[in-house]
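Subject: Structure handover

Hello,

Here is the structure for you to look through. Please open it first, then read my notes beside it.

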Amino acid sequence: MLDTVYRDFGTGYVPRWHGDIIDLEGAYLTPARHTLLVAVDGADGQILATAALDSRGPDHPPNPRRLAERYPSGETAQLRRVYVRPGHRRRGLARRLVRELIAFAAADGGYRAVYLHTDPAVPGAEPFWRSLGTAVLDEREEPGGEFGVVHFEVPLVPPV
């Protein structure tokens, strides 16, 4: 995951945005309502894809207040760290992992929404999420939308 923030995002490691990458256990493995999925190549053990879910809604700031109010922590399953290595994209890995995360959230019974945000500059990210959910805010269209991310809601029903 860490190499993705350098290679795909071009930001490098930013603690306030990527602290969960350094503490996977505390962020996704220990909390009962959180999870981390990893797709591994059976032949060589290489990690092909990751996807995570936690119960933290979007923080304000940096996100707009209306998003934090619409997707409160505890009631919102936030999809995070959905990455597929470039050589393994377009094979259904991300869709399969997201389907598993949504099933996990649905089985929990306490989530009322599934939320995520994505950087549209990451190749393929925006069309992928548009195929699964609905954009609820596109910061590129907002005055002062300094990060230019797109925020999505995905139905709390696993996609086919």
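Pro61 sits in the loop between β2 and α4 (65-70). Helices here are DSSP runs of H or I with at least four residues, strands are runs of E with at least two, and both are numbered from the N terminus. His60 and Pro61 are joined by a cis peptide bond, with omega about -15 degrees. Pro62 belongs to the loop between β2 and α4 as well. A cis peptide bond also joins Pro61 and Pro62, and its omega is about 15 degrees.

Some ground rules before the rest. This is a predicted model, in which local features need pLDDT of at least 70, side-chain atom pairs count only at pLDDT 80 or more, and totals for chains, interfaces and linings use all residues. Residues are numbered from 1 along each chain as its sequence is written, and side-chain values use heavy atoms, with hydrogens and water left out.

**The chain as a whole**

The chain has six helices and six strands. Their order along the sequence is α-α-α-β-β-α-β-α-β-α-β-β. Of the 160 residues, 41% are buried. Buried means under 20% relative accessible area, exposed means over 50%, and partly exposed is in between (1.4 Å probe, protein chains only). Take the contacts between residues at least 6 apart in sequence: 59% of them join residues at least 24 apart. A contact means heavy atoms within 4.5 Å.

**Helix α5**

Look at α5 next. It covers residues 93-108, 16 residues in total. From first C-alpha to last it reaches 23 Å, close to the 22 Å expected at 1.5 Å a residue. That expected span is 1.5 Å times one less than the number of residues.

Which residues of α5 are buried? They are Ala94, Leu97, Val98, Leu101, Ile102 and Ala105. Seen down the axis of α5, the buried residues fall within an arc of 140 degrees, so they line one face of the helix. The arc is taken from the directions from the helix axis to the C-beta atoms. Arg96 and Ala107, on the other side of α5, are exposed.

After α5 comes Gly109, with a positive phi near 85 degrees.

Leaving aside neighbours within four places in sequence, Ala105 contacts Leu53, Ala77, Tyr111 and Leu156. Ala105 and Leu156 are 51 residues apart in sequence, yet 7.4 Å apart in space, C-alpha to C-alpha. Ala103 also lies in α5. At 32% relative accessibility, Ala103 is partly exposed.

**The nonpolar cores**

In soluble globular proteins, nonpolar side chains tend to be buried together. The largest nonpolar core here has 22 residues. Such a core is a set of buried Ala, Val, Leu, Ile, Met, Phe, Trp, Tyr and Cys residues joined through side-chain atoms within 4.5 Å. Leu53, Leu79, Val98 and Trp129 have the most contacts inside this core. At least two of its residues come from each of β2, β3, α5, β4 (113-118), α6 and β6. The largest share, six residues, comes from α5. Another core lies apart from it, with five residues, among them Leu67, Tyr71, Ala113 and Leu137.

**Asp54**

Asp54 is in strand β2. Is Asp54 buried or exposed? It is buried, with a relative accessible area of 0%. Not counting residues up to four places away in sequence, Asp54 touches several others, including Tyr28, His34 and Tyr111.

Arg81 is in strand β3. Its phi is near 55 degrees, positive in a residue other than glycine. Arg81 is buried, at 11% relative accessibility. Arg90 lies in the loop between β3 and α5. Its phi is about 70 degrees, also positive, although Arg90 is not a glycine. Arg90 is exposed, at 85% relative accessibility.

Best wishes
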